[in-house]
Amino acid sequence: MAKKKFYEEDLLDIEEQEKDEFDEEFGDLEQLYEASLRNVEEGAVVKGLVLRVTREGVMVDIGYKSEGIVPANEFSTDEIEALSAGDEINVFLEEREDSDGNVVLSKDKADKIKIWEQIAKAYDSNEVVEGKVVAKIKGGLTIDSNGVKAFLPGSQIDLRPVRNLDSLLGQTLRMRILKMNQKRGNIVLSRRVLLEEERSKKKSDTLSTLQEGMLIKGTVKNITEYGAFIDLGGIDGLLYITDMSWGRISHPSELLMVGDQVEVVVLKFDRENERVSLGLKQKSPDPWTQVEEKYAVGTRIKGKVVSLTEYGAFVQLEEGVEGLVHVSEMSWTQKVKHPSKVVEVGDIIEAVVLNVDKSSRRISLGMKQIESNPWESIAERYPVGMKVEGKVRNLTDFGAFIGLEEGIDGLIHISDMSWTKHLKHPSELLKKGQSVEAVVLSVDADKERISLGLKQLETDPWESTIPSRYQVGTDVSGAVVKVTDFGVFVELEEGVEGLIHISELAKDPAKKIEDSVSIGDTISARIIKVDSADRKIGLSVRAQQRGSERDELDEFRRSQEKLDQSLGAVAKKSSRS
């Protein structure tokens with residue numbers, strides 16, 4: 001019994017000893033565990049071990065007394081499918097224990113914190129960041145850079161203002177961070193500073209290699225009325241419209257568009273002022289160097305009508321060489337007012353080279369020279385004195401144009417319409433479209449003129465009947481048709497007038513001529529002059545009055561003579577008796 005008691009006491013001592021050792025060891029582990037828990041702080045990003053993946057989410061062990069679950073909606077489909085037990089992921093510890101005693105974790109917040117750390121690092125080191133344009137907002141664009149929204153001001157998008165911001169939607173851009181505030185979640189980006197840096201580097205490289213006469217490729221940056229600006233790589237060159245083509249163009253847009261890649265020649269380079277003049281046509285030989293040999297005067301050519309002006313049509317003979325057909329050289333017979341009446345842009349025409357001025361880059365062409373000139377034989381077809389017939393094609397103040405044949409008109413001048421009538425306008429005698437006969441008076445083939453006469457169809461009354469009907473000394477009467485300062489015109493018959501000069505009027509010297517005589521008054525006078533050559537009849541009221549007085553005196557003398565004769569006869573008879 002004593003031995004058994006000894007063993008029991010000994011065993012008790014051993015158990016107490018082991019218990020003390022276990023308590024001591026357990027106490028150390030508990031202290032270590034508590035210490036490890038104290039290192040896991042809320043609001044921090046920690047590494048976690050994936051235990052399993054479920055539909056609800058991903059169970060993660062972060063070394064805490066309980067596991068946490070990251071909701072499945074914080075993972076993409078690809079990320080979920082790629083995860084498996086044992087993988088390590090970064091998570092954000094929101095709470096050590098929620099109301100159910102679970103650890104609350106978030107992958108989204110861990111990712112954002114990591115991105116912000118990267119952004120802060122890029123900002124501090126002035127590194128380039130990339131982002132996708134997701135929206136257009138007032139003043140600029142919204143950029144998504146790895147899930148963080150940032151602002152790209154309109155002034156920082158490009159080197160020049162961008163008018164169509166919608167065209168950038170969906171594009172990924174390279175930028176630098178101008179400002180950032182993580183607490184407020186604000187990031188301001190700039191693409192312009194990168195472009196300026198790139199442009200500066202390109203400019204330096206371009207300036208170091210640029211030389212006059214060299215060929216260089218560039219991009220059409222802008223087009224104006226006078227030319228196009230070409231980006232040569234950090235520096236712009238100007239391509240004037242006159243250096244675009246050896247031919248004539250109205251606007252640079254006929255050859256170039258913004259964005260076109262073009263190879264040009266450096267014509268002039270001012271390194272100090274960084275000005276570059278460019279040429280496009282200089283890449284090929286000047287076609288005008290051979291024009292005198294290729295297009296000698298008299299050469300018959302074919303060309304395409306490329307432009308119309310009021311004075312003629314420009315015809316392309318070859319690339320860079322054009323000739324002008326003046327309106328006066330389009331037809332022998334038609335009076336062409338505008339080239340569009342004869343040709344249209346795009347027409348292929350035949351012409352004859354009339355003149356070549358190489359120094360002025362001008363070639364004169366003629367279309368009418370393809371056919372014979374009808375005016376060369378006009379004198380044979382319309383000899384002077386020939387009677388012709390035609391229709392009145394047009395009336396003017398000075399005469400009437402009579403159509404003799406297609407494109408050939410003759411002119412009846414108003415002075416050749418009547419021997420006696422004083423016409424104020426041809427319409428008093430002729431009407432448009434009226435058929436008339438006339439006599440050919442003259443033909444001028446050089447000036448392309450035919451003069452016709454209407455009155456020449458009849459005998460000139462001033463050479464035939466008027467001198468016999470109106471003789472000097474004859475008394476006539478007529479109506480006053482015109483009163484002037486120098487006299488009065490009296491109509492003796494239709495088309496025949498006589499002039500009573502002021503000196504031949506019987507009037508009171510104290511009165512003005514218009515106070516004594518009015519238009520329409522009937523007046524009698526004596527013919528004192530008839531001039532058939534000048535078609536004038538001179539009249540005199542005084543001569544008529546003087547004639548009447550002489551007649552009365554002669555009658556008185558005759559009566560006296562008769563009386564004397566009677567008295568003498570009586571006296572003679574008385575003496576006889």
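Residues are numbered from 1 along each chain as its sequence is written, and side-chain values use heavy atoms, with hydrogens and water left out. In this predicted model, local features need pLDDT of at least 70 and side-chain atom pairs count only at pLDDT 80 or more, while totals for chains, interfaces and linings use all residues.

Helices (H or I, at least four residues) and strands (E, at least two) are DSSP runs, numbered from the N terminus. Two strands pair if DSSP finds at least two bridges between them. Five strands close into a barrel, in the order S1-S2-S3-S5-S4. The pairing is mixed. Neighbouring strands of this sheet are turned by 50 degrees against each other on average, direction ignored. Axes are lines fitted to C-alpha atoms, for helices over the stretch in contact, and angles run from 0 to 180 degrees between N-to-C directions. Helix H3 (residues 107-125) packs on the sheet and touches S1, S3, S4 and S5. Its direction makes about 105 degrees with that of S4. Contact here means heavy atoms within 4.5 Å. S4 (residues 88-95) and S5 (residues 103-106) are antiparallel and share three bridges. Leu93 stands opposite Leu105 in S5.

The largest nonpolar core has 21 residues. A nonpolar core is a set of buried Ala, Val, Leu, Ile, Met, Phe, Trp, Tyr and Cys residues joined through side-chain atoms within 4.5 Å. Buried means under 20% relative accessible area, exposed over 50%, and partly exposed in between (1.4 Å probe, protein chains only). Tyr295, Leu317, Ile363 and Leu365 have the most contacts inside this core. Strands S16, S17, S18, S19 and S20 each give two or more residues to it. The largest share, four residues, comes from S19. Beyond its neighbours within four places in sequence, Ile363 contacts residues including Trp288, Tyr295, Leu317 and Val353.

S17 is largely enclosed by the rest of the structure, because five of its seven residues are buried. It runs antiparallel to S16, with four bridges. Phe314 in S17 is the bridge partner of Ser307. A hairpin of three residues joins S16 to S17. Thr309 lies in the loop between these strands and is buried, at 18% relative accessibility. Glu318 stands opposite Val321 in S18. Two residues separate the strands in this hairpin, where Gly320 takes a positive phi near 95 degrees.

The buried residues of helix H4 (residues 192-209) are Leu194, Leu195, Thr206 and Leu207. They pack against S6, S9, S11 and S14.

The model contains 21 salt bridges, each defined as a side-chain nitrogen of Lys or Arg within 4 Å of a carboxyl oxygen of Asp or Glu. Asp231 and Arg199 meet at 4.0 Å, N to O. This pair links S12 to H4, 32 residues apart. Asp231 is partly exposed at 24% relative accessibility, and Arg199 is partly exposed at 23%. Lys283 and Glu263 form another salt bridge, with the closest N and O atoms 3.3 Å apart. Glu318 and Lys294 also form a salt bridge, at 2.6 Å between the closest N and O atoms. Glu318 in S17 and Lys294 in helix H5 are 24 residues apart. Glu318 is partly exposed at 21%, as is Lys294 at 45%. Salt bridges that share partners join Arg160, Arg199, Lys221, Asp231 and Asp236 into one network.

Terms used. The expected span of a helix is 1.5 Å times one less than its number of residues.
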